Amino acid sequence: MLPNNDQTCGWINELPKRTGINKFEGQASCDWIIVGAGYTGLSAARQLGNMNPNMNIAVIDAEVAGEGASSRNSGYLVESTMNDGFVSSKNTEDYKTKCDLYSLGIEKVKKFITQHQVDCDWNECGKYYASSKIEDEKKLTRFNNMLSSLKIKNQILYKDDLQNRLGTGFYKIGIYTNGGILLNPAKLARSMVDSLPENVTLYENSPLLKWETINKKINCTLSRGTINASSIIFCTNGFLSSLGIESHYSFPLLLTASMTRRLTDKEFNQIGSPSEWGVLSIRPMGATVRMTNDRRILIRNTVSLHKNYTNIESNKNIHLKGILKRFPSLPKDIIETTWSGTVCRSGNAAPIFKKISNNIYATGCFNGSGIGLGTLFGEEIANKACNNMTNEIELIQRNKKPNWLPPQPFLNLGIKARFLIDKNYAKSEL
Ligand SMILES: Cc1cc2nc3c(=O)[nH]c(=O)nc-3n(C[C@H](O)[C@H](O)[C@H](O)COP(=O)(O)OP(=O)(O)OC[C@H]3O[C@@H](n4cnc5c(N)ncnc54)[C@H](O)[C@@H]3O)c2cc1C
């Protein structure tokens with residue numbers, strides 16, 4: 001599990017603390033068990049519960065529901081992404097499918113927040129892909145062509161425009177895309193916890209330790225008891241492989257982010273009082289930087305292998321450097337919170353959506369873009385499990401499948417080698 005740093009996430013700290021946490025103890029049986037209460041598991045539970053009001057559904061989470069990666073992310077609900085290799089025209093079809101899935105993800109989240117009247121600081125302000133190196137112009141022009149060929153609205157911008165919009169002269173070139181949304185991830189996750197249907201029972205701080213099939217039933221051993229279920233859906237994302245699900249097709253990584261305190265009026269005026277914005281790096285492993293609607297700066301420019309600990313202080317120093325490079329007028333003690341979260345990756349950036357057997361399903365591995373995809377894939381795995389075949393499922397199944405990964409220790413060696421190359425390439429963008 002994650003390092004016990006729940007008190008450190010700037011998004012979660014702003015929410016009222018959850019009360020009445022229900023830990024599982026003893027023996028129970030139910031129709032369905034959903035493992036993992038992030039966007040994916042909660043969306044699966046909502047859909048399954050609403051479709052089957054007479055069924056008894058349990059959702060279990062190892063920690064506090066919704067407060068894993070689903071609350072710890074940067075809050076970009078994306079309509080496109082750049083850094084997974086799809087920048088050459090021969091992959092247009094794959095890239096189109098991926099963007100169609102992102103659009104469906106946005107629709108699903110929008111429908112959810114409209115239906116449940118959720119305030120998650122939703123802002124349809126678009127987003128930027130930017131670089132401090134004008135040499136990236138060629139790469140951006142290719143990306144601009146790719147987006148335009150798919151009718152994804154976008155515009156190339158240079159230093160002065162970027163400075164006016166972002167309040168920093170750091171970036172020399174960028175692309176603005178209109179379609180992305182910025183939101184508060186923890187508010188969204190909390191609203192999904194709060195709106196579970198009545199026939200769904202949530203158990204938190206109740207990790208699944210072991211599971212097996214006995215006489216066609218799924219027997220789940222939790223830390224303080226056992227639950228038997230007729231069927232199970234695994235939605236544990238970065239922890240799928242540790243539960244023996246698609247172990248050779250995905251792996252976890254640890255991302256660490258920092259958020260500043262709110263900028264004072266003076267500090268904010270000094271940088272030109274920009275409206276809320278979000279920048280993704282053009283180079284893999286470069287910094288994700290966001291100016292929030294309440295004048296805080298969020299930065300994420302570190303990634304590491306998944307371990308049981310993370311060196312928060314050294315990550316925080318790297319984050320501070322990144323902030324001061326962009327905003328040299330800010331003081332050195334501006335960072336208020338630093339936290340880590342687990343993401344799930346596959347070798348070819350493809351997600352998992354799978355019927356493993358008649359009563360075992362799994363979905364996850366959203367490669368760092370799980371706000372929309374988690375919501376979409378969660379709802380659709382519930383549909384698939386109920387044989388309710390939808391157009392969305394058809395599109396999801398048309399998408400690429402994750403490719404096979406080598407076993408340890410070769411996998412970690414490969415990941416480390418890739419880190420070295422990408423970190424070196426992204427040095428200027430940290
Ligand atoms: C720093 C950071 C920045 C990110 N930025 C973005 C972004 O801007 N946009 C975007 O779209 N995505 C982003 N992501 C990725 C996004 O957060 C994830 O893709 C998303 O949260 C996936 O949702 P999920 O429900 O599948 O998984 P999670 O939110 O990880 O939920 C899985 C749940 O499973 C539980 N679990 C694990 N093991 C067990 C077990 N054995 N028993 C019971 N429960 C278990 C965990 O406690 C957790 O609550 C970011 C992630 C991080 C960490």
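In helix α5 of this predicted model, four residues are buried: Leu-140, Phe-143, Met-146 and Leu-147. Viewed along the axis of α5, these buried residues fall within an arc of 120°, so they line one face of the helix. An α-helix has 3.6 residues a turn, so residues three or four places apart point the same way. The opposite side of α5 presents Lys-138, Ser-148 and Ser-149, which are exposed.

What covers the buried residues of α5? The cover includes another helix, α4 (92-115), together with the strands β5 (154-158) and β6 (173-177). Helix α5 itself runs over residues 137-149, a total of 13 residues. From its first C-alpha to its last, α5 reaches 18 Å, close to the 18 Å expected at 1.5 Å a residue. Just after α5, Lys-151 takes a positive phi of about 60°.

The backbone deserves attention at several further places. Most residues other than glycine have a negative phi, and most peptide bonds are trans. Arg-295 is not a glycine, yet its phi is positive, at about 65°. This residue is found in the loop between β14 (288-291) and β15 (297-305). Is Arg-295 buried, exposed or partly exposed? Arg-295 counts as partly exposed because it has 18 C-beta neighbours inside 10 Å, whereas a buried residue would need 20 or more.

Ala-349 also has a positive phi, near 65°, and is a residue other than glycine. Its place is the loop between β16 (335-345) and β17 (352-357). Ala-349 has 21 other C-beta atoms within 10 Å and is therefore buried.

A further backbone feature concerns a peptide bond. The bond from Gln-408 to Pro-409 is cis, with omega near 5°. Pro-409 lies in the loop between α11 (391-398) and α12 (410-425).

These local features belong to a protein chain with twelve helices and 18 strands. Of its 430 residues, 48% count as buried. Along the principal axes, the C-alpha trace of the chain spans about 65 × 45 × 45 Å. A compact globule of 430 residues would have a radius of gyration near 22 Å, and the 21 Å of the protein chain agrees with this. The contacts show how parts of the sequence come together in the fold. Among contacts between residues at least 6 apart in sequence, 77% join residues at least 24 apart.

Conventions: Residues numbered from 1 in each chain as written. Predicted model: local features only at pLDDT ≥ 70, side-chain atom pairs only at ≥ 80, totals over all residues. Helix = DSSP H or I, 4+ residues; strand = E, 2+ residues; numbered from the N terminus. Expected span 1.5 Å × (residues − 1). Buried ≥ 20, exposed ≤ 12 C-beta atoms within 10 Å, placed from the backbone. Arc of directions from axis to C-beta. Contact = placed C-beta atoms within 7 Å. Rg over C-alpha atoms; globule rule 2.2 N^0.38 Å.
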